[in-house]
2 protein chains.
Amino acid sequence: MRAPGGRLARLSVNQQTVKQLPLPELAGACAKFGIAHVGLWRGPVQEYGPEAAARLVRDAGLNVTSLCRGGFLTASDAAARRRALDDNRTAVDEAATLGTGTLVLVSGGLPEGSRDLRGARERIADALAELAPYAGERGVRLAVEPLHPMFASDRCVVSTLGQALDLAERFPPEQVGVVVDTYHVWWDDRAPEEIARAGAGGRLASFQLADWITPLPEGVLLGRGQLGDGAVDLRGFRELVDATGYDAPIEVEIFNPGLWARDGVEVLAETADRFVRHVLPAGLPEA
Amino acid sequence: MRAPGGRLARLSVNQQTVKQLPLPELAGACAKFGIAHVGLWRGPVQEYGPEAAARLVRDAGLNVTSLCRGGFLTASDAAARRRALDDNRTAVDEAATLGTGTLVLVSGGLPEGSRDLRGARERIADALAELAPYAGERGVRLAVEPLHPMFASDRCVVSTLGQALDLAERFPPEQVGVVVDTYHVWWDDRAPEEIARAGAGGRLASFQLADWITPLPEGVLLGRGQLGDGAVDLRGFRELVDATGYDAPIEVEIFNPGLWARDGVEVLAETADRFVRHVLPAGLPEA
């Protein structure tokens with residue numbers, strides 16, 4: 001593997017993929033492999049301290065492609081709603097501190113006892129109306145991430161790229177965009193046209209990769225597959241996204257206890273190798 | 001609970017919901033509660049013998065609303081494909097023997113190692129072209145069931161009602177229809193318009209109910225909820241389906257080990273009660 005500018009120039013490693021590596025070790029391993037981009041999560045960033053984390057990645061020469069995650073904006077009672085908005089403003093501040101222009105939003109599921117998907121989706125739009133200008137003023141774009149429909153009740157009522165765009169398009173494109181994560185949209189025959197729609201509207205804020213493997217584990221959250229191990233045509237999705245003119249980094253975000261149990265540096269090397277073999281154009285020269 | 005014609009007039013109990021009840025016991029319990037319709041599965045029907053099963057349900061005065069299931073039509077090698085077509089012709093024959101006009105098809109997942117969803121969906125269309133006339137000649141309609149996108153790789157590449165209709169509409173409506181199962185489509189904001197499309201085209205072959213509950217169990221197949229226990233607006237879906245002019249029976253099909261571990265007659269009574277309370281119009285008079 002080579003320096004940035006080579007075949008890994010567009011690879012961004014989301015820190016959840018190798019969460020066994022504390023931030024300094026992750027930065028060191030990225031330098032070793034010539035990986036120039038990372039996606040960060042609020043939990044580990046807060047543990048480290050956002051300013052300290054920002055200094056660390058800056059000193060390591062790393063670019064932060066996104067911060068995960070804000071959102072959970074579907075509460076129907078006023079106090080919970082206010083807390084969610086406050087927390088999301090904090091998340092915007094953290095993103096700005098880290099120097100990333102992208103805050104990923106996982107919208108939230110149905111409130112306890114509710115069966116009103118449409119109402120929950122409308123509350124997200126209301127929350128975006130409050131948060132989008134705040135984010136825009138700080139140079140941060142809110143990136144609405146559709147999650148696989150199996151998360152619709154308990155985690156994210158935004159289940160398709162089409163729904164995410166319907167929400168995002170109510171706001172200026174520099175304030176609200178969408179995330180395309182292959183794990184969540186791979187099954188959807190409308191995904192190609194929605195990716196084109198996102199690109200045409202300047203809404204493509206983040207492109208993330210994970211593979212789909214079965215059987216799904218209990219709770220289904222931690223069942224994502226290493227690139228190339230599953231059913232997703234990763235190269236095909238990368239081509240669809242590139243065809244819109246998107247040339248930004250591509251984040252690999254895998255939640256998988258099997259990967260977390262292994263040596264993190266080894267998993268990082270494997271991930272980089274899989275990225276080259278399953279995502280990049282076949283036969284791309286070294287640099 | 002009362003005789004058919006009362007509030008349970010439209011209730012059909014899919015035998016998987018109370019699979020602890022052998023067919024004679026199921027028939028007896030249905031008579032006790034005034035349930036006039038059942039949905040059957042090929043496995044238990046074959047164990048019993050299709051002719052004997054047909055005689056039994058006929059003698060009990062039961063109407064068979066559907067036979068589950070044919071399908072698994074996505075194999076790409078010729079021998080597996082031929083076996084699947086033969087098996088589906090047998091399933092059509094069994095449906096005809098049972099006197100039901102509806103054979104539910106679960107399309108099949110991706111072949112081992114394949115990432116070509118589009119190709120798999122086209123092979124289903126090819127198989128329907130072979131099977132539809134055979135079914136039509138025997139008074140049986142093939143009912144394409146979209147399964148939740150979490151089954152897309154290993155069980156059913158047809159993930160939305162829109163996709164199912166795109167397939168069905170290539171064939172005459174009396175030969176190929178679709179299934180609307182709330183468990184599989186509840187999350188989809190396009191489901192209302194697709195239900196209307198199915199109704200307008202005379203494609204609504206079966207309407208099935210189960211509720212969505214979390215956490216999903218490992219493998220996710222047996223995680224369906226009893227009516228009223230979950231996130232699905234069952235009454236709202238029944239209203240959408242009824243608005244198309246559909247007035248046929250409504251099948252309750254729940255795969256849940258918790259229900260199977262209980263007394264089957266008690267579960268049947270509970271299911272009938274939930275059907276009245278969560279599916280029928282509120283305040284409907286007894287009869």
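In the predicted model, 31 residues of chain B are in contact with 31 residues of chain A. The area buried between the two chains is about 2,500 Å², and carbon and sulfur atoms account for 58% of that area. By class, the side of chain B that touches chain A comprises 14 nonpolar, 10 polar and seven charged residues. Polar contacts, in contrast, do occur between the chains: 16 residue pairs are counted, with both residues of each pair at pLDDT 80 or more.

The arrangement of the two chains was examined by superposition. Chain B is superposed on chain A by a rotation of 180 degrees with 0.0 Å of shift along the axis, at an RMSD of 0.0 Å. The two copies are therefore related as by a two-fold rotation axis. The same surface serves both copies, as 100% of the contact residues of chain B recur in chain A. Among the residues of chain B, the closest approach to the rotation axis is made by Glu218(B), whose C-alpha atom lies at 1.9 Å.

With regard to annotation, an unreviewed UniProt entry lists residues 29–270 of chain A as "domain: Xylose isomerase-like TIM barrel". In the model, this span of chain A is 44% helix and 17% strand.

Technical notes:
Residues are numbered from 1 along each chain as its sequence is written. Chains are lettered from A and ligands numbered from 1 in the order in which they are written. This is a predicted model: local features need pLDDT of at least 70, side-chain atom pairs count only at pLDDT 80 or more; totals for chains, interfaces and linings use all residues. Side-chain values use heavy atoms; hydrogens and water are left out. Contact means heavy atoms within 4.5 Å. Buried area is the accessible area (1.4 Å probe) that two parts lose on being put together, summed over both. A polar contact is a pair of N or O atoms within 3.5 Å; within protein, one must be able to donate a hydrogen and the other to accept it, and residues adjacent in sequence count only if both atoms are side-chain atoms. Ala, Val, Leu, Ile, Met, Phe, Trp, Tyr, Cys and Pro count as nonpolar, Asp, Glu, Lys and Arg as charged, and the others, Gly among them, as polar. UniProt positions are given in the numbering used here, feature names are shortened, and annotations may be inferred rather than shown by experiment. Helices (H or I, at least four residues) and strands (E, at least two) are DSSP runs, numbered from the N terminus. Copies are superposed by least squares on the C-alpha atoms of residues with pLDDT of at least 70 in both.
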